[in-house]
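Hi everyone, thanks for coming. Please have a look at the sequence and the structure as I bring them up, and then we'll walk through a few spots together.

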Amino acid sequence: MITKDELPKCPVATTVYLIGNKWTLLILRELVTNDTMRFGQLKKNVDGISQKVLTQNLKELEKNGLVKRQVYAEVPPKVEYSLTNIGKTLIPVMNTLAEWGEEYKNLISA
């Protein structure tokens, strides 16, 4: 997991560092909305993401302690992704982003 010393001093910069890319936000949106998802579901729901980029982003989210990866001992292997307790603290942030996006769309169409 990432350490406090590795993060920017500015809290806004820390947030941008952790969730500031397009794919990370869209992956988090799916996990906030659907709680637990398999890799294939995430790939299907995050329009335009490649398998490689999804894998990289999930690994980064896991490293940063925002997402947990649960592997089940089955054949074929079953892997599920969900938010950690720290990741769940992003739910109000994601909801606020969604509300702002909706408000913005309404304002520019008026």
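Before we start, one definition: a residue is called buried when its relative accessible area is under 20%, exposed when it is over 50%, and partly exposed in between. Please also keep in mind that this is a predicted model.

With that cut-off in hand, let's go to Lys-88. You'll find Lys-88 in helix α5, which covers residues 85–88. Its relative accessibility is 40%, so Lys-88 counts as partly exposed. Now look for Leu-28: Lys-88 and Leu-28 are 60 residues apart in sequence, and their C-alpha atoms are 9.6 Å apart in space.

Next, the sheet. What is the order of the three strands? The order is β1-β3-β2, in an open sheet with antiparallel pairing. At the edges sit β1 (36–38) and β2 (67–72), each of which pairs on one side only. From one strand to the next, the twist averages 30°.

Let's zoom in on one of those pairings. Strand β3, residues 78–83, runs antiparallel to β1, and three bridges join them. There, Met-37 stands opposite Tyr-81 in β3.

Now for what lies across the sheet strands. Helix α2, residues 22–34, lies across β1, β2 and β3, and runs at about 90° to β3.

Last stop: Thr-14, which belongs to helix α1 (residues 11–19). Is Thr-14 buried or exposed? At 15% relative accessibility, Thr-14 counts as buried. If we leave aside neighbours within four places in sequence, Thr-14 is in contact with Leu-7 and Pro-8.

Technical notes:
Residues are numbered from 1 along each chain as its sequence is written. This is a predicted model: local features need pLDDT of at least 70, side-chain atom pairs count only at pLDDT 80 or more; totals for chains, interfaces and linings use all residues. Side-chain values use heavy atoms; hydrogens and water are left out. Helices (H or I, at least four residues) and strands (E, at least two) are DSSP runs, numbered from the N terminus. Buried means under 20% relative accessible area, exposed over 50%, partly exposed in between (1.4 Å probe, protein chains only). Two strands pair if DSSP finds at least two bridges between them. Axes are lines fitted to C-alpha atoms, for helices over the stretch in contact, and angles run from 0 to 180 degrees between N-to-C directions. Contact means heavy atoms within 4.5 Å.
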